[in-house]
Amino acid sequence: MRQTNEKVEEILGINRDQFSQIVMIAQGDFRRFLLSETKDRAAILRRIFDTGRLKNFQEELKQKMLEYKRALEAGTQSFLQYANGIVCDEALESAETISAWKENPDIYRRPELMDSLETLLIFEETAISELMSELSDTRKEHEAFTTELTLIKSVNTRFDELFAKTTHRDVLLEQRQAMDDRQAKVARGVLALRNVKVFEDAFIKASANHKSAVKAAEAADTDRMGKDALFKEADGALEREKANDGEKKQLRSDIERLDGLKPKYARLGKLDTDHAAARDKIAAAETGLKKARDNETEIDGRTESLKKEADSLEGAELKIEKLVGERKDALSRVQTLDVLESNINKLRLKKEELKSLQTEFSAADAAFERVDMAFKRLEQIFLREQAGLLAAKLEAGAPCPVCGSLEHPAPAKPTAEAPSESEVDKARAKSDTARKKRDSLAGRCSLLKGETDAAETGCLAEAAEFGRLATAAETGGRPTAAQTSNSERPTDAAAQAAAESGGRLANAAAGDTGCDIETILSELPQVKSGFNVLLTGLSERIRALDKDLARRSACLSELESLDAEKKRIVNVIAQAADELNRLKIMQSSIDTERAMLRSELEFDTAEEADAALNRKKSLLKRLDAQYDKAAAARDKASSAFEQAKAVLKERLALQSEAAVQSGAALDEFNKAVCTGGFSDEADYRSALMTEKGVKDAEAEISAYHKALDIAEHDVKQLETETSGKKYIDISEHQPKLDRLNSRIEDLTKALASAQSRFDANRSAHRNIKEAISLMAGAEAQYLNYKVLSDTANGDISGKARVSFETYLQTTYFTRILRAANLRFAAMNSGRYEFKRREEPGSLRSQTGLELDVLDNYTGKARDVRTLSGGESFKASLALALGLSDIVQQTSGGVRLDAMFVDEGFGALDSESLDAAISTLEKMAGGNRAIGIISHVRELSERIDRQIFVKRGAAGSEAVVML
């Protein structure tokens, strides 16, 4: 079905809605085409006459214009961005120009900025070169001075070493005599150690063995006597232990009896434990029962408090929803103010640009007048001197280009001020160039003036509309101070202040004496401030209500929890009461059994019985152990006494042998002292040294002689190296070194800073050139396409908005009206005729297809909407007939051979009805069928062929009358 409809529309050139307006004039739709706006008529004519291609062309031009506009804006943005990235020293003259430009950017002062930037780059490049040269020279000076200081330090170091080595050698020479005496002492010590010490050691060992043997014999005798006394004591102790046999028998009987009572004591202990546990459980149950009842009371109080608080917070949701709407509206107003402020600032820039461009146009116009006046003066002279100039070219026997004569008896002479043709052509070219420049600037001024006027009108309209809406919002039903709470009144006051500010803005935009955009701009901060205060107050109230809402939700949630908790507490109280009764019954049973057991037992507790049993067992065990110990001690003492007697005999023999060996070793030692060259034992001992002492002394003597040789060698070598040189104080040269280091550091920093600025500015220069190139190309294309787009789309400021397509459609529309007027005049006796409105009703909407009706009786045109019902029907019918005629004339073979009119005839008087029917009959007299759907009786009398629709019991039926 959809494809069929599309094919029908393609063939007819109209859709269903358009068909109902020009072919099928349906009941209720017969006035639609008559009363349509330009855009609605344009849609119909576009489909019928295929003018959509022009609309596409208009859109293509507009898109091209927008494309180059965006490119121009992008280039401008890049240019401003890179220009703001220029870095320079404020002390420079070019830097002052650049800084002033950055404070007040102007893309039309690009050459001035580029000149200053290029001057700055040249200056910085020169400065970098000078810094590099100075840094190189300073580093060379520093390197040479450092080398000189290094040599001085080396010589001073040699003098310091010579002093130290000489001092060290003198100290060693002072120690030479002591080392010689030490060497002689070591020789005597070695003799005593190697030749005598061995015999002394043998004597000492033999003497020690003899003393040890004497002591061993004395100890053995003492041990024998002690062992004898111990044996006698152990024998007496054993006899005493044998007297405890009766006591041990009684203890064994008591232990057996107490062991038999252990199960009863265990039962009593368990009953005591159960009694204590029952007591503790009863106390815990009573405490838990009291706590549960206290919790129940606390929950009841908390529930009542929360219910009151929740009831007091009810209604916060509706308040929040209302305030959120107010805040959204206020935020929208603030955003509208931001847009208005931005548009006004853009308008100011456009006005400044227009003023500059108008100044440039005035200069170009004056220049053209001067050049054109000079050209016209030369041209007048040239034309006046044509005869003389032509005569100057005459040749004898050659025909005159004017009269054809071969003789030239008296040729005219040019005057001295006669210009040549080339001079006139040059003057003409200058005039044409000046005219083109002036005309170009005039076009740009006109274009920019239209944009500025439209922008200013838009800003004033926006300001007035904003103020009207703000005032209407405030007076549209806000609650009074008596209806609001104290927390709401400050915000309502802020809303009132914001509305009053909006009212002042509306008054400023619609003043009787005209309005200055600057006045509106000056009002904007106060208006924005008022709405920002309003936003702040609304946000604070919403946050407060959010807290109330959250608190109410928390109260309700807590009430649910408290209800569940109370149910649980009630169950706990019942269970705790039952458990308390059970525990008291169990405790009574335990107390009865405890009393019966206590009457049967000797001790109150199992611990006391176990303690008595353990005491008896311990006593029996101790008595048995004492007897066993006494018997073992007597046997051990007897064996020890016999062993001590044998040891004493053996040690007395060893004592005698050791005495003989000690005497022989003493004789050998005395002999070695005499043969070793020592006068006596004391002389020997004073010379004696240890092996370690000998080694340490020999090593010390060898190290001394080696150190002395090295010191002598070092002194001689350093004396040779410092011969003919002197010591120099290096501290005198330090200030110069510090100055060179500081200068190098300063120059390095300055060079890095200058290089960084130069690199940044060079990059900015390159990027700015690219941006300027992009802007230049985009600007030229934008201006060209803007002129074309504005012309094609009917967007020329100050002119009626008639696009290319609408302009073409006006031609068709004029033809339609001409054809419609033929029928319309016949229907209304020549009183009315259609007339396309020439003057637009508004410059802000598309025009060109507005329709008026001319009343020939009054000679005045009026809007077709002022026609009465019957007149509107006749006008609609005539217009549809005229459109039908033109469609057939331009559709290349497509004919509309039928037309249907549904109702509308009832609004006609008899005379008008006759005129309408006559017109339809004339149309039907050819090859076209006219169908009329109506309930008007007079029509049935005028029309022969009819179809009646009758209602019956079985439904409706059609009756054809031919």
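**Figure 1. Ring pairs join F824, Y832 and F834 into a cluster.** The model is predicted: local features require pLDDT of at least 70, side-chain atom pairs count only at pLDDT 80 or more, and totals for chains, interfaces and linings use all residues. Residues are numbered from 1 along each chain as its sequence is written, and side-chain values use heavy atoms, with hydrogens and water left out. A pair of aromatic rings is described by the distance of the centres and the angle of the planes. Rings of Phe, Tyr and Trp (its six-membered ring) pair if their centres lie within 6.5 Å; planes under 30 degrees apart count as stacked, over 60 as edge-to-face and the rest as tilted. Helices (H or I, at least four residues) and strands (E, at least two) are DSSP runs, numbered from the N terminus. Buried denotes under 20% relative accessible area, exposed over 50%, and partly exposed the range in between (1.4 Å probe, protein chains only). F824 has a relative accessible area of 0% and is therefore buried; Y832, at 4% relative accessibility, counts as buried as well. Both F824 and F834 are buried.

**Figure 2. Three strands form an open antiparallel sheet in the order β2-β3-β4.** Two strands pair if DSSP finds at least two bridges between them. The edge strands, each pairing on one side only, are β2 (832-836) and β4 (860-863). Neighbouring strands of the sheet are turned by 40° against each other on average, direction ignored. Axes are lines fitted to C-alpha atoms, for helices over the stretch in contact, and angles run from 0 to 180 degrees between N-to-C directions. Over 5 bridges, β2 pairs in the antiparallel sense with strand β3 (residues 851-855). Within β3, V853 is the bridge partner of F834, and D852 is that of K835. Y832, F834 and R836 make up the covered face of β2, whereas E833 and K835 make up the uncovered one.

Figure 3. Contact means heavy atoms within 4.5 Å.

**Figure 4. The largest nonpolar core contains 29 residues.** A nonpolar core is a set of buried Ala, Val, Leu, Ile, Met, Phe, Trp, Tyr and Cys residues joined through side-chain atoms within 4.5 Å. The residues with the most contacts inside this core are F79, I86, I98, L113, L117, L120 and I768. At least two residues of the core come from each of α4 (52-84), α5 (93-103), α6 (110-174) and α19 (734-793). The largest share, 11 residues, is supplied by α19. Not counting residues up to four places away in sequence, L113 touches F79, A83, I86, I98 and W101. A second, separate core of 27 residues includes A42, I48, F49 and L879.

**Figure 5. L751 is located in helix α19.** With a relative accessible area of 16%, L751 is buried. L751 and M132 are 619 residues apart along the chain, yet their C-alpha atoms are separated by 7.0 Å. The contacts of L751, not counting residues up to four places away in sequence, are I128, L131, M132 and L135.

**Figure 6. S662 belongs to helix α16 (residues 606-675).** S662 counts as buried at 13% relative accessibility. A C-alpha separation of 5.0 Å is found between S662 and S207, which are 455 residues apart along the chain. Leaving aside neighbours within four places in sequence, S662 is in contact with F203, A206, S207 and H210.

**Figure 7. E456 lies in helix α13 (residues 421-475).** The side chains of E456 and K351 are joined by a polar contact of 3.4 Å. A polar contact is a pair of N or O atoms within 3.5 Å; within protein, one must be able to donate a hydrogen and the other to accept it, and residues adjacent in sequence count only if both atoms are side-chain atoms. E456 touches L347, K351 and I517, not counting residues up to four places away in sequence.
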